Amino acid sequence: MAEIGIGIVGGGYMGKAHSVAMAAVGAVFDTRLRPRLEMICGSTEESGNRYCAAYGFRRGTGDWRKLVEDPAVEAVIIASPQSTHREIAEAAFALGKPVMCEKPMGLGVEDARAMVAAAERAGVENMVAYNYIRTPASQFARKLIAEGALGRITHFRGEHNEDFHTDTSVADWRSQGEANGCLGDLAPHAINAALALMGPIAELNAVMETVHPERGGVKVTNDDQVQMMVRFESGVTGHIAASRVATGRKMGYAYEVTGTKGAIRFDQEDQNALWLYHADAAPAERGFRKVLTGPAHPDYLPFCQGPGHGTGYQDQIIIEARDFLSAIETGQAVWPTFRDGFAVQQVVAAVRASHAARGWRKPAEF
């Protein structure tokens, strides 16, 4: 085994999740490369030191440059606001340090393009942290599709719907700036799922909507929900939607894939199950059946030996940590790389352009 010094920029929601993952990944997956929690950066020196004590790092700081430039920090995880992603990633790559960056990459397609260029110039490992697609159930869904178990795919429907922004009495940072709207925040997860399951999107036609134009007496400057019709490069058509004002939905990351021989349905609110339909079943037995994940499914066994016992949100981040360490150890890229994250941002840019022009646009144009 070898150690690697990990530095994490950001100690809040995702910073804590990545800290816990890096502390646990060696025990869960018996990785040959073992993380050493070297330094964590908060928004101030005080918060950095507080995160350091809480999560078990050796040192804390309020200056991300100090973290990136420290020789003991050998790989960097970016879990800070989107506006900071590009500058931190470029600084780390300039020093030859591998980077895993939270989604989405930067403020938009131009930031993402620059981050890809920096990563490829440096020639070091890079990953974007799209965690939901890493559940054992969704990994199994990708396997079924790739192996042709559903036959020729004929349709895709994906969504990411939550209700955390239904309260209009308060104005907060999420209401300002296009990158903080639904398209910039929630929709990338649904887009990433579509690309992972179905491949590149050739063209799309989209509409965005600000359901609540005012919050707490302050004008809202971004969108609450988005919908798009899509045609994949394979020729398959489908629909992708996202909303932050979907009353009742807490983690509505869901998709349906229909093929000539079968179909699958998945909902992250029941993340340990995949609904599977086989068209060749006996007529009296045709219908979706619930497949509970267990040791036979990808990346389940390291967490639990009992079928149906289930994995959780934090486990997805631990799987990400394993993948990042594996990329660093082997020098082999692990999906999704920065270039894969850039593909998501191309779709986001195409959605904005489509909405503005009220017509079809191609992500490859952006």
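Lys103 counts as buried, at 11% relative accessibility, where buried means under 20% relative accessible area, exposed means over 50%, and partly exposed lies in between, computed with a 1.4 Å probe on protein chains only. This is a predicted model, in which local features need pLDDT of at least 70 and side-chain atom pairs count only at pLDDT 80 or more, while totals for chains, interfaces and linings use all residues. Residues are numbered from 1 along each chain as its sequence is written, and side-chain values use heavy atoms, with hydrogens and water left out.

- Lys103 is found in the loop between E5 and H5, where the labels follow DSSP runs numbered from the N terminus, helices being H or I runs of at least four residues and strands being E runs of at least two.
- A polar atom of the Lys103 side chain lies 2.6 Å from the backbone oxygen of Asp185.
- Once neighbours within four places in sequence are set aside, Lys103 is in contact (heavy atoms within 4.5 Å) with His85, Val128, Ala129, Tyr130, Asp185, Pro188 and His189.

**Cis peptide bonds**

- The peptide bond that runs from Lys103 to Pro104 is cis, its omega being near -15 degrees, and Pro104 has its place in the loop between strand E5 (99–102) and helix H5 (109–122).
- Trp335 and Pro336 are joined by a cis peptide bond with an omega of about -5 degrees, and Pro336 is found in the loop between helix H9 (313–330) and helix H10 (338–357).

**Positive phi in residues other than glycine**

- Asp299, a residue other than glycine, has a positive phi near 60 degrees; its place is in the loop between strand E16 (289–292) and H9, and Asp299 is buried, with a relative accessible area of 16%.
- Arg358, also a residue other than glycine, has a positive phi near 55 degrees; Arg358 lies in the segment after H10 and is exposed, with a relative accessible area of 78%.

**Ile4 in strand E1**

- Ile4 lies in strand E1, which covers residues 2–9, and at 6% relative accessibility Ile4 counts as buried.
- With neighbours within four places in sequence left aside, the residues in contact with Ile4 are Leu33, Arg34, Pro35, Arg36, Glu74, Ala75, Leu325 and Ile328.
- Between Ile4 and Ala281, which are 277 residues apart along the chain, the C-alpha atoms are separated by 51 Å.

Definitions and conventions:
Polar contact = N/O pair within 3.5 Å; in protein donor to acceptor, adjacent residues only side chain to side chain.
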